[in-house]
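Welcome! Please take a look at the structure below, and then let us walk through some of its side chains together.

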Amino acid sequence: MVTVSVPGKVHLIGEHAVVYREPAILAAIGMRIAVGARKTDSVRVSDREMGPDLEWPVRECKEAAEKAQRLWEEGNKKKDFSGVFSLVKGSNFKKVAIGHVLNKLNIDSGISMGFSGNIPMGSGVGTSAALAVVIAKAVSEVYGKGLDNLQVNELAFDIEKFGHGLPSGGDNSVCCFGGLVWFKKGNPNTIESLKGEVPYNLENFVLVQTGKPVKTTGELVQQVRDLDPSVRESAVKAIGLATQEMRKALKEKDFGKMQALINLAQRNLKQLGVSTPEIDTLAEAVFKIGGAAKLCGAGGGGVVLCYHRDKEKLKNKIRELGFEPMEVELGVEGVRVEE
Ligand code: PMV
């Protein structure tokens with residue numbers, strides 16, 4: 001039995017704009033998905049969060065992954081990924097993800113995977129990216145393929161495409177490599193660790209679950225793409241500039257500036273139509289007590305990242321609003337094999 005674990009992530013700043021080749025700063029968070037995996041004849045998945053255990057013949061998983069690849073390519077021509085999105089709904093995501101890794105690594109036998117973890121599902125903190133990374137790494141470990149993190153990250157990016165159409169690749173990169181990452185989509189992508197520039201711990205951050213989004217990341221990214229270009233472009237540019245300034249603020253330990261930039265990002269994400277009334281109320285209340293808050297990931301609900309110099313004051317305000325604050329460590333280790 002091999003156990004592999006991987007963290008979730010937050011965008012400190014830059015979500016959505018990163019899809020349009022603006023930079024983003026992402027942090028791996030101290031919430032993880034773990035998988036215990038071993039060789040079997042078929043593909044077996046158990047995940048208490050998702051319901052009863054599932055089992056598929058290896059061939060069925062590999063064919064489902066081939067179909068996902070075909071549908072993604074067709075979707076890419078039409079810039080409409082609804083075909084592949086409906087194929088990978090629910091537990092089929094794991095089926096296709098495992099099938100894809102077996103295909104790419106030329107493996108014809110199965111694997112049993114037991115998933116556990118404490119990352120809020122489908123809420124902007126990277127569960128799909130974390131699953132993609134942990135599946136790629138676990139298959140590689142169980143079958144002795146010895147993939148390095150770059151190769152694991154490449155496979156995870158393929159899987160993210162099935163779920164999100166044209167993801168930036170930022171989520172899977174930070175889940176895989178961990179730490180605090182400067183990410184820019186490109187050919188190739190820029191993935192820079194900010195550890196040297198930001199050698200201290202990012203403290204006084206709290207996460208708040210405002211409710212699971214109804215729409216998926218793929219759907220929300222599409223919704224932004226469908227906006228009037230002038231509305232979209234001004235918000236995307238503003239977030240891009242704020243991300244450049246955030247890098248400087250972090251380097252200079254200018255937390256006042258950092259707060260202002262988080263609040264600015266939230267205003268621009270609202271302009272992109274991905275905030276919700278609950279998130280707006282929370283963000284405004286945190287702003288009023290002198291803190292900062294913004295939605296995480298695709299938005300449409302989900303987790304909000306909050307910051308205040310006085311963490312107790314922040315937590316009290318969050319509770320007063322009827323939410324439960326979740327303390328979180330930022331910049332943790334990426335994918336790893338557990339002892
Ligand atoms: O909601 P999440 O955790 O899947 O994050 C999505 C982040 C986006 O910037 C909206 C999309 C992307 O591909 O980077």
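## A glutamine in helix 9

Gln 266 sits in helix 9, which covers residues 255-271. The model you are looking at is predicted. Is Gln 266 buried or exposed? Its relative accessible area is 6%, and because buried means under 20%, Gln 266 is buried.

Which residues does Gln 266 touch, once its neighbours within four places in sequence are set aside? The contacts are Ser 275, Ile 279, Asp 280, Ala 283, Ala 293, Lys 294 and Leu 295.

## Salt bridges across the structure

Now let us turn to charged side chains. How many salt bridges does a search of the whole structure find? The search finds 20.

Some charged residues form a group: a network of salt bridges links Lys 311, Glu 312, Lys 315 and Glu 327.

Glu 22 pairs with Lys 237 in a salt bridge, and their closest N and O atoms are 2.9 Å apart.

How does Glu 22 count in terms of accessibility? With a relative accessibility of 12%, Glu 22 counts as buried, because the cut-off for buried is under 20%.

Helix 1 (residues 58-78) holds both Glu 63 and Arg 59, which are 4 residues apart, or about one turn of the helix. Their side chains meet in a salt bridge, at 3.3 Å from N to O. Glu 63 has 41% relative accessibility and counts as partly exposed. Arg 59 is partly exposed too, with a relative accessible area of 46%.

Another salt bridge brings together the side chains of Asp 108 and Lys 62, at 2.7 Å from N to O. Here the pair links distant parts of the chain, 46 residues apart: Lys 62 is in helix 1, and Asp 108 is in the loop between helix 3 (92-104) and strand 5 (110-117).

Technical notes. Residues numbered from 1 in each chain as written. Predicted model: local features only at pLDDT ≥ 70, side-chain atom pairs only at ≥ 80, totals over all residues. Heavy atoms only, no water. Salt bridge = Lys/Arg side-chain N within 4 Å of Asp/Glu carboxyl O. Buried < 20%, exposed > 50% of the residue type's maximum accessible area, 1.4 Å probe, protein only. Helix = DSSP H or I, 4+ residues; strand = E, 2+ residues; numbered from the N terminus. Contact = heavy atoms within 4.5 Å.
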